[in-house]
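Student: I would like to learn how to read a structure that is new to me. Can we go through it feature by feature?

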Amino acid sequence: MIEQLKVRDLYEKNKILMIVYGIAAVLGSFAQLFIDRPIGVALSLIVPVAFTFIFFLVQQKVVALRPFFPYFVVVSAVITVFGTIFTNKVTLATLILSIFVLILASVHNRVNVLIAGYIGSTLGLIFNFTLDKEGFAVDPANVFVTQTLMFVAILLQVRQNRILLKSVENLMIDANDRA
């Protein structure tokens, strides 16, 4: 019963992650086309989310792939940041996209996924600060400190949720053994 709940939880979290990432990428693509940005910017949003959607559909059928889906989303989001910078330039949006990687990684409430998201988010910020040709991305120290503080806060929340879920799982096992 507990294993069934875990499988269902993973399925639901993957679905939430796909919805959030998908909506963000599709709306972002339409916005970029609407404000007349280069077509490469919209493509840098649509192409990674299209591959992610394909992987999402496959992992629905191949259960063994489900645990890898959140990592695939993190990599796709980092590719989006990188592609957006290369097809246009560093902007406030590319900085925020880098932080968004960390937010996406928090959906699964798993430390390993969160660490992958932190690494991806950090890579995105490094891309922003090293590839900025117009002086837009200033004061990297404050951005990295803020991002790290966000990571620590999310990590503490993930850790606390893991402790709570383990306690509930143990109570369910005890109740089942008594019955």
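This is a predicted model: local features need pLDDT of at least 70, side-chain atom pairs count only at pLDDT 80 or more; totals for chains, interfaces and linings use all residues.

Student: Let us begin with charged side chains. How many salt bridges does a search of the whole structure find?

Tutor: The general idea is that side chains of opposite charge can pair when their charged atoms come close. In this structure the search finds seven salt bridges. One of them joins Glu-3 to Lys-6, with 3.9 Å between the closest N and O atoms.

Student: Where do Glu-3 and Lys-6 lie?

Tutor: Both are in helix α1, three residues apart, which is about one turn of the helix. Glu-3 is exposed, at 53% relative accessible area. Lys-6 counts as partly exposed, at 39%.

Student: Which residues are linked with Glu-3 and Lys-6 in a network of salt bridges?

Tutor: Lys-166 and Glu-169 are linked with them in that network.

Student: What does Glu-12 pair with?

Tutor: The side chain of Glu-12 forms a salt bridge with Arg-8, at 2.7 Å from N to O. Glu-12 also forms a salt bridge with Lys-15, at 3.6 Å from N to O.

Student: How are these residues spaced along helix α1?

Tutor: Glu-12 and Arg-8 are four residues apart in helix α1, so about one helical turn separates them. Glu-12 and Lys-15 are three residues apart in helix α1, so they too are separated by about one helical turn.

Student: Are Glu-12 and Lys-15 buried or partly exposed?

Tutor: Glu-12 is partly exposed, with a relative accessible area of 23%. Lys-15 is also partly exposed, at 31%.

Student: What does Asn-14 touch, not counting residues up to four places away in sequence?

Tutor: Asn-14 touches Phe-56, Gln-59, Arg-66, Phe-69, Pro-70 and His-108.

Student: What is the case for Ile-126, buried or partly exposed?

Tutor: Ile-126 is partly exposed, with a relative accessible area of 38%. Ile-126 lies in helix α5, residues 111-131. From Ile-126 to Pro-140 there are 14 residues in sequence and 8.9 Å in space, C-alpha to C-alpha.

Student: Now the nonpolar cores. How many residues does the largest one have?

Tutor: In soluble globular proteins, nonpolar side chains tend to be buried together. Here the largest nonpolar core has 25 residues, and those with the most contacts inside it are Tyr-21, Phe-69, Val-73, Val-101 and Leu-104. The elements giving two or more residues to this core are α1, α2 (39-61), α3 (69-87), α4 (92-106) and α5. The most come from α3, which gives seven residues.

Student: What is Val-101 in contact with, leaving aside its neighbours within four places in sequence?

Tutor: Val-101 is in contact with Val-74, Ala-77, Val-78, Val-81, Gly-117, Gly-120 and Ser-121. There is also a second, separate core of five residues, among them Leu-102, Leu-114, Phe-151 and Val-158.

Student: Last, the pockets. How much space lies in the largest pocket?

Tutor: Rolling a probe the size of a water molecule over the atoms shows where empty space is left. In this structure the largest pocket holds about 610 Å³ of space. It is lined by 20 residues, and the closest to its centre are Lys-6, Asp-9, Lys-13, Leu-165 and Glu-169.

Student: Which element supplies the largest share of the lining of the largest pocket?

Tutor: The largest share comes from α6, with eight residues. At least two residues of this lining come from each of α1, α5 and α6 (140-178). By type, the lining divides into nine nonpolar, four polar and seven charged residues.

Student: What about the second largest pocket?

Tutor: The second largest pocket holds about 220 Å³ of space. Of the 16 residues lining it, the closest to its centre are Gln-32, Thr-84, Ala-93, Thr-94 and Leu-97. The elements that give two or more residues to this lining are α1, α2 and α4. The most come from α4, with five residues. The lining of the second largest pocket divides into eight nonpolar, six polar and two charged residues.

Technical notes. Residues are numbered from 1 along each chain as its sequence is written. Side-chain values use heavy atoms; hydrogens and water are left out. Contact means heavy atoms within 4.5 Å. A salt bridge is a side-chain nitrogen of Lys or Arg within 4 Å of a carboxyl oxygen of Asp or Glu. Buried means under 20% relative accessible area, exposed over 50%, partly exposed in between (1.4 Å probe, protein chains only). A nonpolar core is a set of buried Ala, Val, Leu, Ile, Met, Phe, Trp, Tyr and Cys residues joined through side-chain atoms within 4.5 Å. On a 1 Å grid over the protein atoms alone, a cavity is a set of points where a 1.4 Å probe fits but cannot get out, and a pocket is an open set with protein on both sides within 12 Å along at least five of seven lines; lining residues have an atom within 4 Å of a point. Grid points are joined across faces, edges and corners, and a volume is the space filled by probe spheres set on the points. Ala, Val, Leu, Ile, Met, Phe, Trp, Tyr, Cys and Pro count as nonpolar, Asp, Glu, Lys and Arg as charged, and the others, Gly among them, as polar.
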